[in-house]
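Thanks for coming. I will go through one structure this morning, beginning with a pocket and then moving to rings and loops.

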Amino acid sequence: MLKELVKTKRNFVLIGESGSGKSETALFLAKTLSDYTDKKIRLIDMDQTKGMYRSRDWKERVENDQIHVYCGEHFMDMPLVPHGMANKLDDENAVNILDVGGNEIGAVVLGQYSQWLNNENSVVFYIINPYRNFSGSKDNILFLMERIQKAGHIQKIHVISNPNLGPSTTEEDVCNGHEILKKMLVDTEYEIEALMIPVWLPKEVFINMDIPVYFIKPMIQFL
């Protein structure tokens, strides 16, 4: 899926509940997309909330000749939006990965860039970890999803399932969490379009999935 998407998309946006795995996914995307394109890849930390983990904290481990990490300066204890965002989103010679802060407060900043993020050059991924506090029921998921989508003025989102419990995640945890999320999204306008799986789990168990599967080594837990 990513190999095909990067042929036509240059802006990849990650939104979702705090702690859903956006930063991990952003780091994974930066490294994975670098295998599929020769373009410059910008990992842009757009987290405007005071989160515990931010992708900018892994700048030294991720950056190389192709991948570059961008983040805004801090004003008091509040991070600012990186400079020149409009020019970055317009740049046809680069791929942008936007790691957006959790909940609708973090998504508000996207509203000013909606004309770029709703066009055919962009794709918005909504990351859901069904084991997180606010993703334990269908009503909670849809309520938060609607608020985040509205705050960011995002017209279409693509759901990624990320069922995990950190370093202790088992094969059973992933399978059960994914099935729970599938059932919660039945009879909604949303479909799961990819599944994230910790790299230590056996690949053969998941090879027959009906959606793309990505094995990810969480950088945050392994520092």
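How do the residues lining the second largest pocket divide into nonpolar, polar and charged? Before the answer, some ground rules. This is a predicted model, in which local features need pLDDT of at least 70 and side-chain atom pairs count only at pLDDT 80 or more, while totals for chains, interfaces and linings use all residues. Residues are numbered from 1 along each chain as its sequence is written, and side-chain values use heavy atoms, with hydrogens and water left out.

Now the answer: seven are nonpolar, one is polar and four are charged. Here Ala, Val, Leu, Ile, Met, Phe, Trp, Tyr, Cys and Pro count as nonpolar, Asp, Glu, Lys and Arg as charged, and the others, Gly among them, as polar. The second largest pocket holds about 210 Å³ of space, a volume being the space filled by probe spheres set on grid points that are joined across faces, edges and corners. A pocket is an open set of points on a 1 Å grid over the protein atoms alone, where a 1.4 Å probe fits, with protein on both sides within 12 Å along at least five of seven lines; lining residues have an atom within 4 Å of a point. There are 12 lining residues, and the closest to the pocket centre are Lys-31, Ile-216, Lys-217, Pro-218 and Met-219.

Which elements supply the lining? Helix 2 and strand 10 each give at least two residues, and helix 2 gives the most, with five. Helices (H or I, at least four residues) and strands (E, at least two) are DSSP runs, numbered from the N terminus.

Next, helix 2 itself. From first C-alpha to last, its 12 residues reach 16 Å, close to the expected 16 Å; the expected span is 1.5 Å times one less than the number of residues. Helix 2 is mostly covered, with 11 of the 12 residues buried. Buried means under 20% relative accessible area, exposed over 50%, and partly exposed in between (1.4 Å probe, protein chains only).

On to the aromatics. A search of the whole structure finds four aromatic pairs. Rings of Phe, Tyr and Trp (its six-membered ring) pair if their centres lie within 6.5 Å; planes under 30 degrees apart count as stacked, over 60 as edge-to-face and the rest as tilted. Phe-28 and Tyr-214 are edge-to-face, because their planes are at 65°, with the ring centres 5.9 Å apart. This pair links helix 2, which holds Phe-28, to strand 10, which holds Tyr-214, across 186 residues. Phe-28 is buried at 15% relative accessibility, as is Tyr-214 at 13%.

A second pair, Tyr-113 and Trp-116, is tilted, at 6.2 Å centre to centre and 55° between the planes. Tyr-113 is buried at 9%, and Trp-116 is buried at 14%.

Last, the loops. Most residues other than glycine have a negative phi. Which two residues go the other way here? His-153 has a phi near 55°, and Asp-187 has one of about 65°. His-153 sits in the loop between helix 7 and strand 8 and is partly exposed at 49% relative accessibility. Asp-187 sits in the loop between helix 8 and strand 9 and is exposed at 75%.
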